[in-house]
Amino acid sequence: MTAVRQRRVGKGTEAAEDQPPEEKNVKPDEKILSDHTGGKLWNILSVTVGGIVAISLGLLTSVYVATLHENDLWFSNIKEVEREISFRTECGLYYSYYKQMIQAASIQQGLHGLVYDNKTESVRTINILERMNVYQEVFLSILYRILPIQQYLEPVYFYIYTLFGLQAVYVIALYVTSWLLSGTWLSGLLAACWYITNRIDTTRVEFTIPLRENWALPFFAVQIAAITYLLRTHLQPVQERLTLTAVFIATFLFSLTWQFNQFMMLIQALALFILDCFDILPTAKVTWLYVIQISGLLLVCVLQFFNSMILGSLLISFNASVLIARTIQKNLKKGGLLNRLGKLILHVLLVLCLTLLINKLIKKILNLESDEHIFKFLKAKFGFGSTRDFDANLYLCEEAFGLLPLNTFSRLSDTLLFYIYIFVLFLMTVAAVTVAFRNLSGSSQVQFMEKVEECTITLKPDAAYNLIHTVLFGCLALSTMRMKYLWTSHMCVFASFGLCSTEVWKLTLKGVRLYTSRRMHVIKYSLPIITFLYISYKFWPGIMDELSELREFYDPDTVELMNWIKSNTPNTAVFAGSMQLLAGVKLCTGRTLTNHPHYEDKDLRERTKQIYQIYAKRSPGDVYRILRSFGTDFVILEDSICYERRHSRGCRLRDLLDVANGHVMDGLGENEPDLKPSSYPRFCEEVKKNLPSYTAHFTRVFQNKTFHVYRLAKRQ
């Protein structure tokens, strides 16, 4: 349906821990003062240069992805309808609310249209601000209306430039996190360079601009940077309070902008829980982070008109359970190894049972079923029985929700990122296991403590948190490809930190008995510089070639369809079709939809399954009655779905519908024994033959090489 064709010509300090040890001989007062002043000036210079480099790299990344987007679509030259079509699937749905707010007579009227929306789902009035995370579109539209920029900047450019600008925030946050961990901004430079050179695996913002994760991940990166700083030792009370405020703001913005926030923060809470159990993080700070997660999510819940899916989230249940269990088990961190292990096992079981109990109770009280499709998907994905559930299979058959492809590691290895990451991960994991065992063993084992004393300095609380963070999000990425962007960006941070870390190289050199302070400093600074030069030499020409390649958006069939709808159907017309296409119909034409791609609602999922019977083996009368029950005036059939070849047998949409309906699938291959042949042919194929039983209900009013539009007969 779509093609891209060649364009026609027409805060930290610089390695503070690496300062030489204090001399044994007493120096004159003048020399001490001179050294102190010189060191302070050097730190100021280092922070200034590092800050300038961070901002420059952030801005360059923003310009880079904006240029790629322009070069790929020739966005500045194509028509408005083509620009809007380029926002595919749910991206188009989210952008449509920004457009709706811009075109409203007033801000108040625009907000009223979102709170009482009857065009997104026909024969229903829904609250868009409750159901979807679109406050960012609301905020941007209001900002665009009140700023004096309408004459100089089109609304679409204000929108996409904001998203590209957030990429600058993203890169700066990654840079700062790596700098805080290693103590040198050279580490941040390397992290940013890896993020850019591994762009295919670290971001997809240039072709899925309005996607929720492109709004949320920059704030998540800021939150991680703030947590990394918070977990430093010897913070002043004022610094701690300011950092906690920064963590709360970043957590709130992250939660507000992405519907999957609760699942990401659940993994983050699990990381904090693991480290707290092994006494690696200060309990007081962990408690603050639990409270911040809950309060941030509850504030979002209020703004989303008490969205029940948030109240029933596992995150709230888990964090509450941890705090309750900790109150019950007050002496959890006292005793010997066996005693503490026993307490720890009981603590984990108590937290798990409380989490399930609280979550079950909340869902029972609220009658919550909005997220059941996620758990069905997870159950089927990890082999806990096969399923014929249509929604679960719809996810299972999508490549984005499959395992992470092996060629991802090949690409990451080309930049040396994956090799260095594995090296650092191994060393840090060994240190973490050693420190965890020491903490559980207690202070009586003096000899053991002496042996591992050098390991403890390699696992500061901030490094420990980032270690568990990268491990857990790595597991998530390996199991679900769509979530790899949470892992690969942090991989850049973690690998660059390890390559520039005093602790990592001290542990490595001592392990091979080659440690000297001078040798460690040489390696610490020379290897990152060599790696940076290698990346620049190997990938700079490719980046320049990429920036010089010019293409053009080309999708004439969809453009023709949208123009026909705008010209030949009433504004009140209701359209049925695939979720992905209907999002574009709403954005480009403003017509009412029967269903859409925002799938986090049980009634909508059931509605979508019913609408999709247009691709199943059902009688024309059945399909007509289903469509009319949702107020449908026109139905759009797509050849790319009806005759789908993208997926293998068993994963085509028509196959999923056949199995869900108890019918055998088309084509050669096995079917489950209880599936029966359908009494009717496939609707999307048979309706094109204009047989009397079909023309009595459906009249073809538009067709091209890709789409067929039928008008439904009025009720008799």
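Is Cys651 buried, partly exposed or exposed? Cys651 is partly exposed, with a relative accessible area of 22%; here buried means under 20% relative accessible area, exposed over 50%, and partly exposed in between, with a 1.4 Å probe and protein chains only.

Before going on, please note that this is a predicted model, in which local features need pLDDT of at least 70 and side-chain atom pairs count only at pLDDT 80 or more, while totals for chains, interfaces and linings use all residues. Residues are numbered from 1 along each chain as its sequence is written, and side-chain values use heavy atoms, with hydrogens and water left out.

**Disulfides**

The structure holds two disulfides, a disulfide being a pair of cysteine sulfur atoms within 2.5 Å. Here they are side by side.

| Pair | S to S distance |
|---|---|
| Cys397 and Cys651 | 2.1 Å |
| Cys642 and Cys684 | 2.0 Å |

Take the link of Cys397 and Cys651: the torsion about its S-S bond is about -75 degrees, so this disulfide is left-handed. Cys397 sits in the loop between helix H18 (390-396) and helix H19 (407-414), and Cys651 in the loop between helix H30 (639-642) and helix H31 (653-660), so the pair ties together parts that are 254 residues apart in sequence. Helices here are DSSP runs of H or I with at least four residues, numbered from the N terminus. While Cys651 is partly exposed, Cys397 counts as buried at 13% relative accessibility.

The link of Cys642 and Cys684 is right-handed, with 80 degrees about the S-S bond. Cys642 belongs to helix H30 and Cys684 to helix H32 (residues 683-686), so this pair connects parts that are 42 residues apart in sequence. Both Cys642 and Cys684 are buried. When the bonded cysteines of the chain are numbered in sequence order, the pairing reads 1-3, 2-4.

**Around Tyr97**

Tyr97 lies in helix H3 (residues 89-103) and counts as buried at 1% relative accessibility. Which residues does Tyr97 touch, leaving aside its neighbours within four places in sequence? Its contacts (heavy atoms within 4.5 Å) are Leu114, Asp117, Thr120, Ile128, Met132, Val134 and Lys586. The C-alpha atoms of Tyr97 and Leu587 are separated by 8.2 Å, although these residues are 490 residues apart along the chain.

**The second largest pocket**

Let us finish with some open space. The second largest pocket contains about 1,000 Å³, and 31 residues line it, with Phe263, Leu266, Ile267, Leu314 and Leu378 nearest its centre. A pocket is an open set of points on a 1 Å grid over the protein atoms alone where a 1.4 Å probe fits, with protein on both sides within 12 Å along at least five of seven lines; lining residues have an atom within 4 Å of a point. The volume is the space filled by probe spheres set on the points. Among the helices that each supply at least two lining residues are helix H12 (261-277) and helix H22 (461-479).
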